[in-house]
Each structure stands twice: as C-alpha cells, then as structure tokens.
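Please examine the structure shown below. A short briefing on selected features follows.

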Amino acid sequence: MQVKSSSTNQEQLSFNQFKKEVLRDYQIAVISRECSYLGRREVLTGKAKFGIFGDGKEVPQLAMAKAFKKGDFRSGYYRDQTFMMAIGELTPQQFFAGLYAHADITAEPMSGGRQMGGHFATHSLDENGHFKNLTEQYNSTGDISPTAGQMPRMLGIAQASKMFRNLPELKKPKFSNNGNEISWGTIGNASTSEGMFFETINAAGVLQVPMVISVWDDDFGISVPAKYQTTKESISEILKGFQRNETEEGIEIFVVKGWDYPQLISVYNKAAKIAREEHVPVLIHVKDLTQPQGHSTSGSHERYKSKERLIWEKQNDCLAKMRDWIIEFELKDSNNNLLRFVDGEEELIKIEKEAKKEVNQARRDAWNAFLTPVKEEETKVIQLLENLSKKSHNKSFIIKLKNDLAAVIDTSRKDILVAARKAIVYVREEKSAEKTQLQNWIVNYLKREQQSYSSFLYSQSDKKVSHVKEVLPTYNENAEMVDGRIIIKDNFDTLLSKHNDLFIFGEDSGNIGDVNQGLVGLQEKHGIHRVTDTGIREATIIGQGIGMALRGLRPIAEIQYLDYLLYAVQIMSDDLATLHYRTVGKQKAPLIVRTRGHRLEGIWHSGSPMGAMVHLLRGMNILVPRNMTKAAGFYNTLLECDEPALIVENLNGYRLKEKFPNNLGEFKTPIGLVETIRTGKDITVVSYGSTLKLVEDVVNRLKQVDIDIEIIDVQSLLPFDTNKDVVKSIQKTNRLIIIDEDVPGGASAYLLDEILEKQNAYEYLDSKPVTLTAKQHKAAYGTDGDYFSKPNEEDIFEAVYMIMHEANPAKYKSLY
Ligand SMILES: Cc1ncc(C[n+]2csc(CCOP(=O)(O)OP(=O)(O)O)c2C)c(N)n1
Ligand SMILES: [Mg+2]
C-alpha cells in the first residue's frame, strides 16, 4: 500500500520524527494486543473471572489519542484499552491489576478493583476529594457497563465546554481553557441501537457542542450481526439527515476504515478541529473492525461467525494491516531519495518480541502485587489457627481448616475469612487467649477490608452533606404570606446571583420559567445559558447535568414530573449514583435533580414511587421537602456540598401560602434529619411530602376523640434520620404509624426497616407498627379516583384510631 504524502499530515513532521511516532504507535498497539491475548489466558486459567478486551480496535484508538488534548474528556466503553495506553493513563500492569480485581486504587487506578477490567477512568479528585486542575491532565470518566450508558454524560461534558466559552465570566481555569475541550465518545456499532444513542445525537445536534463520537464497528454485538441491529446495516448511512450543510446546523459525519492508519489520523485531526474550534458535534463511523478473540471470554465467536467472516477478520485485522503498511511505506524526498520506515520485518519483530516480554513481566508483577499481601494475611491466619488448635477440644477440625487453607494456591481474602470464621464456631464454648486473638483479628480484618469494597458511596470530603448545619429561615416582623412558588423562585434568583456556575435546565424551565412558575423571569434576568429550555429527553437532561457537574459546574437538571423520572432513572442509577463509589472517590458529579410530584391526579401525574427511588439511587441524597421553604433550604444546603441529590417538590405546594423569609439563599435545611412538627403523647406518625398536610389536617379531629399524635416529617429519605429521633419519639408514645403515598411495601417498608431494625424501635412498641399507603395500582383520575387510590384524611383518622382501639377498646370503641 502506498500513501501519497499529501494525503496525511506527515508533511508537518520531519520524516524521522514521523517514523519514530509511527513505530511508537505500533509498539503501543502491539503491547495492547499482547495484553488482550494474555488477559484471555488469565481468565481461562482461572486467575481472573472475566475478560473483555480491545483487540481488533487498536489502530483507530491510536489516531483518537493523537487528537486528544489535555483538558479533554473521554466517555467510552470497554474496548478502549489502547487509547488509554496511548494517552499514558493505563500501563500493562494496571491492565492486569484490573483483571485480577486488585482492591487498591494505587495498584488499580481505574476502579480499585470494583469494576471488571476494561472499565477505565482517570482521577479528577485529589486525596481530599477536591478537584484537581483538569485542564492539565487527560480525563476519562469512569466507564459503566450498560451499553450506550456513556452517551448522556458525553453530552454534558461537551455542553460544559460550550458554557465555559459562552460565559467567560465563569473564570474556572481548573476546568476549562475558553471551552476548547472536546468530549470524546466511543460506542460499539450494536449499542447505537439504544435509544440513548439517538437521544444524545439529536441533543448534540440541537445544542451544537464539541463532541466527537467514534463508533467502533465490527459488524456484531456479541453474536447478533448488523442486519438485526441497524437499518441499512450502517449507522453513518441512517444518520445522514443529521449532516450539517451550508444553511443548517447539524452534525458532521466521517466514515473511515478502522485499519487505515494514515486516513484515521487525518480524519481524527479534522474532526477535532471542527469540534474544538466550531463547537460542532462530529460522528466518526469507523468501519471494518474485528474481534480477533471474539466478544469476551464467555464464549467463542466460532459459534456464530461464518467461516468466511472469520477469514475476513484475519485478513482485515487492523494491527496486521498497520504492520503491512509500515513495511510497504515509501516516500521520495525532494532529492528523489527513497524514505522508508523499516527495512523488512526485522525491526517490527523486535518490537513484537519486546512487547511480549514486557507484557508478560507486567502480568507477573501485577499478580505478585495482588497476591503478596493476601499471602501474608494467610500466613498470619494459619499461625492463629495453629495456636488455637493447640488449645481447643476441636483440634482436629481446626487443623483441617488450617491445612485446607494452606493448600490453596491462589488464595483469596474470602478463603482466609471462611477458614477463620468457621474456626470460631468450633471454639464457641471455649475460652483462651488464642481464641480472643483470632476473634480480634477477624473483627479488625473485616472492618478494614469491608472498606475496600464499600467506601465512597457518598462523599468523604469536607463538603459532605452531613457537614452542613441547619440555618433557619428568618422573617421580617410583618413578613408577608405568599404562594410557595414565590419563595422557591426568589430563592433560585438569589442562588443564580450568588453562584455564577449554577445552571438550571429542563423542559419548559427557560422561557416560561417552569410549568409551576418556580423560575419565572429568571431566564430574562440571568441569561439564556443559565436558565434554559431543553427538548423532551429526560435521560440526556440528566446526562447533561452529570457531564457538567463532572467539570466543576453546578447544574440543576429539572425533570418536569416525578413520573417522567423513570425515563432517566437508569442513568441516575447506573451512572450518577455509582460514580463516586465506582471510582473510589476519584470522580464526583454533584448534580441536583429537581422534580415535583406526589399529588396531582391521574395514572401518570400522581405517582410517588419513592421506594423505587430509594432503592435504585443509593449513592444519591433523596429529599422530600414538605413545603417550598424547606425545598429552597435544601437547594441552599446542596450548593455548599459535593454530593448528588434528588429533590421532589410538592406539586400542591406551589400555591399554598408560606411566610416569606428574609434570608433567601442563606437558610439551610439539614440533610438526614427528621423534624418533629407536632409533639403528642399517644402515637408517632411518620410521614413526608404532601401526605403530611393531610396528617396535619386530621390532628384536631383526632384530638376530639382524645388522641394526641406526634408528627414527624421525614424530610430526607436518603440519608434517613441520622440522629435517630424517631425511636426517641417511640420511646415516649410506644406506637408507630407510617403514612406514605407509595405502593404497599414501597417507601413505607424502607422506613419501617430503618426504624424497627436499624433504630431498634421494636423494643419500645406496645402496638403492631402500621403502614398506611396508596393502593397497589397507580392512582385513578378525578376526585374519587384519588380518594379511592391514595391515603385520605378518613383513612388516616381511622388507621390511627384503630391502633388506639386495639390498645384500649374500652376507651376507643370500634368504629365499624
Ligand atoms: C443495556 C445493556 N444491554 C445488554 C448488554 C450486554 N452486552 C454487553 S456488550 C454487548 C454487545 C455490544 O456490542 P457493540 O456495541 O457492537 O460493541 P462491541 O462489543 O462489538 O465492541 C451486549 C449486548 C449490556 N451490557 N447493556
Ligand atoms: Mg460491535
């Protein structure tokens, strides 16, 4: 193959420099390939559990790496090991550490062993959880496994560049240099079938943001060929309607063969220039890629690829083709001298041999680093078991445990703990110093090692939510009673003035100031970039927020109604809620998700699926303020913190009157604390959100029948009642009812578990704890539909009354 010098950028480099670069690239690709080969072997021999590798996709990643600059971000998927190696963010040893799940962030910087190999990340945060200077480093967001799940945040990362360029007053030099940063995405051909892909492409075209997305097309998605994945079997073909032209904005589309090294370099340079300079999204369809070892280690591709296809893949392997190109490349200089990269194969064979050696050594080093501390721990426990056996009546059993442990070759921490914990059972009735030693060892070891797997679900920095203390709203002497919406709006106004990096966006949030007028006039006042309308695209509204938050901005992403959060909950659950955990605290996205719900009418406007949220969104704070002052206080708190949160405002609260505070933007609702809003002696009523109003409305009716209720507002579902105030109330009343608009067994069951099990309230109960919830079905429409579907005042009255009746039937006569 001969390449005309004019068709690539090689003219810009002296030939020797170019040669050096080409051979260095080849070396990276060969090392990466060796990692894939050896990685597969490690899985097949049982050292690693699962492997998914980047073989067959090396060459385009070299080109992408060349165009990738410091400050840029990657948002990609599991095939990108070559890219990560090319930008210097992944060594072969780290690659193997990931494969072995080395639970130490210094050995395995991608996820500290929490994710399976092939899920890449860089560190945005320092050891204190504060942002580093992201413009001085190459950045990759932490990957997630759900296909196309990398798309929504890719949009937000690009949108951040746009904001930094359009709002120079932002002045955040750690995050951007005039918005020059590109959001680089990668995705497999089959994953473009996902809705999130199309949603993101459309949104990027609308927003005109610097995003370059590469589709690695190997014609398959595991075993399913393109025929079943993509109309016309070509993503670039079907996206042609998005192509920009002289008169219309859109996206730029390139198509290039994945083995064509010089052409790839040229395309990637062009793409980067367009995205970086013009802020236009670009899609690069990289065709003709292969999977030399099949999709992953869980099966062989011989099962589903035809013989012809397998032969074609061998012939078109990008690495093999790059090798041929290097050998065949020749160029004449101005004196007609022939310039070549190599003379025959020799030099390449040397590179290949050295790569094999290097990767093998890296594998050994990674394995030793992984195993050595475990082996030391094993030795310790063997000693402890040995000592224990000498003092025990069950000596033979303990010796067997010890010997079985010693016989394990590739010991895991699980092996060690299984032996130690089983031994304790044998000596449960014995007493000895050796037993105490083993007990202490187990307790300390569990405590320490549990952290390796469970830390950093939430912030551990000085900006974690529990650090913010309550600041009460204050009022002028003759403070006005106003609609709740005015308080939320004026508070947002204050926050937008106070934090110039705050952005609020969502459907109808901009021009009309949201459907409930909580943002009225704020776009006009603070500008179209700060308070913005978006398309109807919940998943990418959240992605927009995640990406912006990853880059140091403070987004509030608005989802119009709680019901529609379900469109976005996958990305919140898989991406946002896990981000801090899966990067062991090396990345954060303190996104605030604003929505409104609980009470309206009809199947799809009245849902309160808070149990689902509480269970799917661990890693976020979930807040359910009872009124707009409380809600405003949560926004004020969160903007001082670095954790993501969901705030569900009360739909029926916008028009209810509240006293107008005079310290807008300053008062803070604490997170994780309940509030006792009425004291009483007979029964503790726990509720939140708009149901709370109904509870308050039956207080007097209950008083008339001599029942004095204590009402506790949950306020914060996640975290819940960190001061354990509910159990203190139950110690006094000895009775509990939880009232909630979710389905039976939903959020109320979560609260019951928190109160009964975690706070040990069962000890103080004199009556069965009761939950009063909505029906199993979604709420029917209309006044009666609502009355028969959700807890109403009579239901609440009677449920409370019946508990009292059961306790004292003589005093509280049966109602029915
Ligand atoms: C939402 C979701 N569905 C299914 C899977 C299982 N899965 C993992 S990879 C894959 C195929 C992806 O194919 P493609 O996008 O072409 O990428 P390739 O592996 O071929 O590079 C599938 C179906 C997943 N991870 N996530
Ligand atoms: Mg594929």
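Is A810 buried or exposed? A810 is exposed, with a relative accessible area of 57%; buried means under 20% relative accessible area, exposed over 50%, and partly exposed in between (1.4 Å probe, protein chains only). This is a predicted model, in which local features need pLDDT of at least 70 and side-chain atom pairs count only at pLDDT 80 or more, while totals for chains, interfaces and linings use all residues. Residues are numbered from 1 along each chain as its sequence is written, chains are lettered from A and ligands numbered from 1 in the order in which they are written, and side-chain values use heavy atoms, with hydrogens and water left out.

**Position of A810**
- A810 belongs to the segment after α27 (793-807); helices (H or I, at least four residues) and strands (E, at least two) are DSSP runs, numbered from the N terminus.
- Between A810 and Y567 there are 243 residues in sequence and 52 Å in space, C-alpha to C-alpha.

**Magnesium site**
- N189 (OD1), D218 (OD) and F220 (O) coordinate the magnesium ion (ligand 2) at 2.0 to 2.1 Å.
- N189 lies in the loop between β3 (183-188) and α6 (195-207), and D218 in the loop between β4 (211-216) and β5 (220-221), so the pair ties together parts that are 29 residues apart in sequence.
- N189 and D218 are both buried.

**Helix α22**
- In helix α22 (residues 628-638), 11 of its 11 residues are buried, so that the helix is mostly covered.

Methods:
Donors = N, O, S within 2.8 Å, 3.2 Å for Na, K, Ca; no water.
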